[in-house]
Amino acid sequence: MGEHEGRREPRSGLLLNGLLPNGAGSVIQALDPERWLKAEERTAELIACIQPNPFSEERRNAVADYVMRLIIQCFPCQVFTFGSVPLKTYLADRTLT
């Protein structure tokens, strides 16, 4: 018995991995330039809304610095930021994680 024997595809025609089946190449259509431009403009608007601004970045860094100083004062250790703070992969004005 094969690994995929008895396994059925969903009725939508999409494979479970999110890809289209082999014969679906004719379904793909190119966007016309006007729609493409509109998509690029909306994407730029979205990025402008969620990217860190100077105020939120300054506030986030102040909180991280405060927590680092607090830990260093209480424990004899070095403290480093990691994750979303130094990589700036967070949404502006959201909680520290």
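Which residues does Ile 71 touch, not counting residues up to four places away in sequence?

1. Ile 71 touches Cys 77 and Val 79 once residues up to four places away in sequence are set aside. Ile 71 has its place in helix 2. With a relative accessibility of 31%, Ile 71 counts as partly exposed, because that class lies between the cut-offs of 20% for buried and 50% for exposed.

2. On confidence: this is a predicted model, and the remarks here should be read with that in mind. The chain has a mean pLDDT of 75, with 62% of its residues at 70 or more. Confidence is highest in helix 2 (residues 54-74), where the mean is 91, and lowest in helix 3 (residues 84-87), where the mean is 78.

3. On the overall fold: the chain has three helices and zero strands, and its elements follow the order α-α-α from the N terminus. Of its 97 residues, 10% count as buried. The accessible surface of the chain is about 8,900 Å², and carbon and sulfur atoms account for 59% of that surface. Among contacts between residues at least 6 apart in sequence, 55% join residues at least 24 apart.

4. On the length of helix 2: its 21 residues should span 30 Å at 1.5 Å a residue, and the end C-alpha atoms are 30 Å apart, so expectation and model agree.

5. On the buried side of helix 2: the buried residues are Ser 56, Glu 57, Arg 60 and Ala 64. Viewed down the helix axis, the buried residues fall within an arc of 100°, and therefore line one face of helix 2. An α-helix has 3.6 residues a turn, so residues three or four places apart point the same way. The buried residues of helix 2 pack against helix 3.

6. On the other side of helix 2: the face turned away from the buried side carries the exposed residues Pro 54, Phe 55, Glu 58 and Gln 73.

7. The structure as a whole holds zero disulfides.

Notes. Residues are numbered from 1 along each chain as its sequence is written. This is a predicted model: local features need pLDDT of at least 70, side-chain atom pairs count only at pLDDT 80 or more; totals for chains, interfaces and linings use all residues. Side-chain values use heavy atoms; hydrogens and water are left out. pLDDT is the predictor's confidence in each residue, from 0 to 100. Helices (H or I, at least four residues) and strands (E, at least two) are DSSP runs, numbered from the N terminus. The expected span of a helix is 1.5 Å times one less than its number of residues. Buried means under 20% relative accessible area, exposed over 50%, partly exposed in between (1.4 Å probe, protein chains only). The arc is that of the directions from the helix axis to the C-beta atoms. Contact means heavy atoms within 4.5 Å. Accessible areas come from the Shrake-Rupley method with a 1.4 Å probe; for residues, only the protein chains shown count as cover. A disulfide is a pair of cysteine sulfur atoms within 2.5 Å.
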